[in-house]
Structure formats: C-alpha cells, structure tokens
Amino acid sequence: YRIFVTNRLNYFSFFYNISNLFRKTIDLRKRVEIALWALCCERSAFGFKEAMYFVYDQDRSLFKGFLSFKGFSCEKMFGKVPLDSTFFDVIEGISIDVDVKDDEVVPLLKSLKDALGISSNYAYLIPLFVENRLIGAFVVGSNFEANQIVIEMLNHFADQCSLAFESARVQELYRKTVEELRLAQESLLEAERLKNLGEFVARVVHDIKNPLVAMVGLAEKLYRKFPEDYPEKKVIKMIVEEGNKLLDSLQDILSYVRKPTIKKEYVDINDLIDEVLFMEVYELRDKKIVLVKELNRDLPKVKVDKSQIKRVLINIVKNAIQAMEKLGGGVLRVTTDREVVGDKDYVKIEISDTGGGIPPEVLPNIFNPFFTTKSEGTGLGLSTSKKIVEAHGGFIKLVNDYPKSATFQIYLPIEEG
C-alpha cells in the first residue's frame, strides 16, 4: 500500500510540474512537444521509449499524424524549456484508423505497431477528449507492459493534455479572429478614405472641366472663324486638340472614381461593335491596319448599359490601334461567340491585335489604375473597363502571345428572358 501511494504521489507531482511547463507557452505545437517529452523522459513518471501525437479528423474519422519523439533525445534537453524543436519529427503524412469508443487506453495490434515503425515490444493509444469530443491521441511505445497504475495515470495525463491542447487551439483561434477583425476594420477605414478621396477628386475634376469645356468651345469657334491662311490658326488647332485630350483624361478619372451607374437595356452586341468599328474606319485605314470581323449573328441580346460597354470597346480598340501604329500597321481581329463558363452562359467578345503583345514585366500591372507605358494618357482605360464589365456581372481576360499579339476577351452574361 505504501509503494502504491508513493507511486501515485510521484505521478501527481509529475503532473504538477507539467502544468507549470504548459503555462509557459500558449502555442499548441510547443505544448505537444512538452507532452511527448514528458511521456518519454526517463526522469519523468512514464519513461516510454517513443511517443507520437495524432490529431483527430472529425470529417474523415481518422487520426492524422502531428509530431513524434524518441526517448533517447530526452537527456539532451533535460531542464531546457522551451524544448529544442529539432528533436521532434513532423509526421503529417501518416494517418491511422483506430476504433475508440471511450477514454480508455487501447493496446495496438502488432500490424499497426509495425506500420507506424514502433520498435518497442508494446504500443498503446491514449485518446484525448474534451467534453466527450475526441480531439486527438498519443501513441506510445514501451518494452514493458503497462500495469493498472500506469494506465490509470495515462488517462489522468490525457485529461491534463486535452485541456492544455484545447485551450491553446482556442487561444490561437481567438488571436486569428482578432487579427481578421483588425484587418477588416483597416479595410473599412481605407475604403472610407478612398471614398472621401474619390468624392474630392470628382469635385476637383468637375471644377476644372467646366471652364475647360468653355475654353475648348471658344477655341473651336475661333478656329472655324479665321481663314486657312491665318498665321495663328495652327496654334488654335493645337489648343483644341490638347484641350480635348485633357477633357478625355478628366473623363477617365471621373469614370474611375465614381461608381458606375448602370442603366441596362437589351442590346445586340454585334450592332454595338459595328458602331464602334465604324467610328475608327478612317484611323484604321490611315495607320495601315486591316480589320477582320468574325461576328456570330445568331447571338442573343445582352442586357447591358449600352454607353458603358461602348466605352469598354472603344478603350480596347484604341489600345490595339496604338500598339499596331508603332509597328507601322497590322491586323485587328474582332470576333463574337457564345460560351459557357462554369454554369453560366456568356456572350464572348474577342479583340485581338498584332501589335507585339504585352511584355511579361508589364503584364501584372495592366489592370492597375494609373499604370501606363504610354507618354500620354491617365492609365485608367483598362482598369475602368474591367470595373465596368465586372459591374455587369462579367469579366475580362487577356491572352498574351508576346512578342506577337494580344487578345482581350470580354465576357458578358446572358440573362434568361
């Protein structure tokens, strides 16, 4: 009886020391390391030869490997906390299927012991429960068969570790939740700042645009009024052209900072493409660009804001013309078709040019606002186009064949009815 009581006191003294070690860290892995070290260390109450920890996968009803530890490493780390993680092996690729009905220690069959590479004569699985929920298990190896006291103390140790591991998991979840809330709050504040900045920019642009429109209009009247041989007429023409460019830039900025106002109507996309390309006929001819149209005339109408989608088409066609102009001409190919992506039906517009494609170092930035490789322009054309198409429930893709060609694919959803 005296030996029995002494053994129990040794175990409870050991449990107390392990609790003190658990309190020094809230990291789950570190607490698992402490538990495995405690199971194997010869100076501890157990002194197993080897130990593993498995996390229980509720969805698959399997134990998934987490960490393992060999007893011969114990003395190298005795008294050193935090423990040296290099002595622990990650065993995430191992899974075992063991039927655990309660919180009793389960002797492992030789076949499973061998499969886990346990060289000890005996192996046991010690399940860990929190509120009747299985969260994991230790697997230990020993050259001696566990007696009643050892099994009883293993169950006590499992209860102690269950609470320590679950509290570490909950604290980690709490930290992640707090961090996610912090990031969400920062995103909301940033969105509010951008909204306020957008409203300010819109007011400034509006204040600049109104007098600029008047000045350009006045310059156009003067240009028409003076005879062709008037010496300053070329200067007036330059004022008109540059003023119109500035107005286009201001309109780009307004379109970007303002949320698109969508006024949908059913539109024949082929007719809209014909309209846009007709506007560019003379420019295509002057810049030696061959136009190829392959339009599927059987497409259903799409419900879109006609002026917004027209703006998208103009942006991409003008970019294509500018790219081919540098090369002295090329081929502009415009096609339409119907395509199912996922479970949604789309009208697909392809605008392809032989202007050399987009350099790989530029590619990640093409839809970023204010990014441009041109000497003129705001760099808002593609970002605004992407914004408009996405506001319609569609998307834009780029097929880049550098240094030969670039193809923009515009997908607009087909609404039933």
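Trainee: By class, how many nonpolar, polar and charged residues does the lining of the largest cavity have?

Mentor: Please keep in mind that this is a predicted model. The lining of the largest cavity has 7 nonpolar residues, with no polar and no charged ones.

Trainee: Which residues are they, then, that line the largest cavity?

Mentor: The lining consists of Ile273, Val276, Leu277, Leu313, Val317, Val334 and Ile351.

Trainee: And what is the volume of the largest cavity?

Mentor: Its volume is about 30 Å³. A search of the whole structure for cavities of 30 Å³ or more finds 1.

Trainee: Where does the largest share of that lining come from?

Mentor: Helix α6 provides the largest share, 3 residues. Both α6 and α8 supply at least two residues each.

Trainee: Let us move to those two helices. At what angle do the axes of α6 and α8 cross?

Mentor: The axes of α6, residues 269-279, and α8, residues 306-325, cross at roughly 50° and come within 10 Å. That angle makes α6 oblique to α8.

Trainee: Is the crossing of α6 and α8 left-handed or right-handed?

Mentor: The crossing of α6 and α8 is right-handed. On the α6 side, the contact is made by Ile269, Leu272, Ile273, Glu275, Val276, Leu277 and Met279. On the α8 side, Lys306, Ile309, Lys310, Leu313, Ile314 and Val317 take part.

Trainee: How do the residues of that contact of α6 with α8 divide by class?

Mentor: They divide into 10 nonpolar and 3 charged residues, with no polar ones.

Trainee: What about α8 and α9: at what angle do they pack?

Mentor: Helix α9, residues 381-391, packs with α8 at an angle of about 145°, and the axes are 9 Å apart. The crossing of α8 and α9 is left-handed.

Trainee: Which residues make the contact of α8 and α9?

Mentor: From α8 they are Gln308, Ile309, Arg311, Val312, Asn315, Ile316 and Asn319. From α9 they are Gly381, Leu382, Thr384, Ser385, Ile388 and Val389. By class, the contact of α8 with α9 has 6 nonpolar, 6 polar and 1 charged residue.

Trainee: Turning to the backbone, which residues does a cis peptide bond join?

Mentor: A cis peptide bond joins Tyr402 and Pro403, with omega of about 5°. Pro403 lies in the loop between β13 (395-401) and β14 (405-413). Most peptide bonds are trans.

Trainee: One last item: what is the phi of Glu131?

Mentor: Glu131 has a positive phi of about 50°, although it is not a glycine. Its place is in the loop between β6 (122-130) and β7 (133-142). Most residues other than glycine have a negative phi.

Methods. Residues are numbered from 1 along each chain as its sequence is written. This is a predicted model: local features need pLDDT of at least 70, side-chain atom pairs count only at pLDDT 80 or more; totals for chains, interfaces and linings use all residues. Side-chain values use heavy atoms; hydrogens and water are left out. Axes are lines fitted to C-alpha atoms, for helices over the stretch in contact, and angles run from 0 to 180 degrees between N-to-C directions. Helices (H or I, at least four residues) and strands (E, at least two) are DSSP runs, numbered from the N terminus. Angles under 35 degrees count as roughly parallel, over 145 as roughly antiparallel, 65 to 115 as roughly perpendicular and the rest as oblique. A crossing is left-handed if the near helix is turned anticlockwise from the far one by less than a right angle, and right-handed if clockwise. Contact means heavy atoms within 4.5 Å. Ala, Val, Leu, Ile, Met, Phe, Trp, Tyr, Cys and Pro count as nonpolar, Asp, Glu, Lys and Arg as charged, and the others, Gly among them, as polar. On a 1 Å grid over the protein atoms alone, a cavity is a set of points where a 1.4 Å probe fits but cannot get out, and a pocket is an open set with protein on both sides within 12 Å along at least five of seven lines; lining residues have an atom within 4 Å of a point. Grid points are joined across faces, edges and corners, and a volume is the space filled by probe spheres set on the points.
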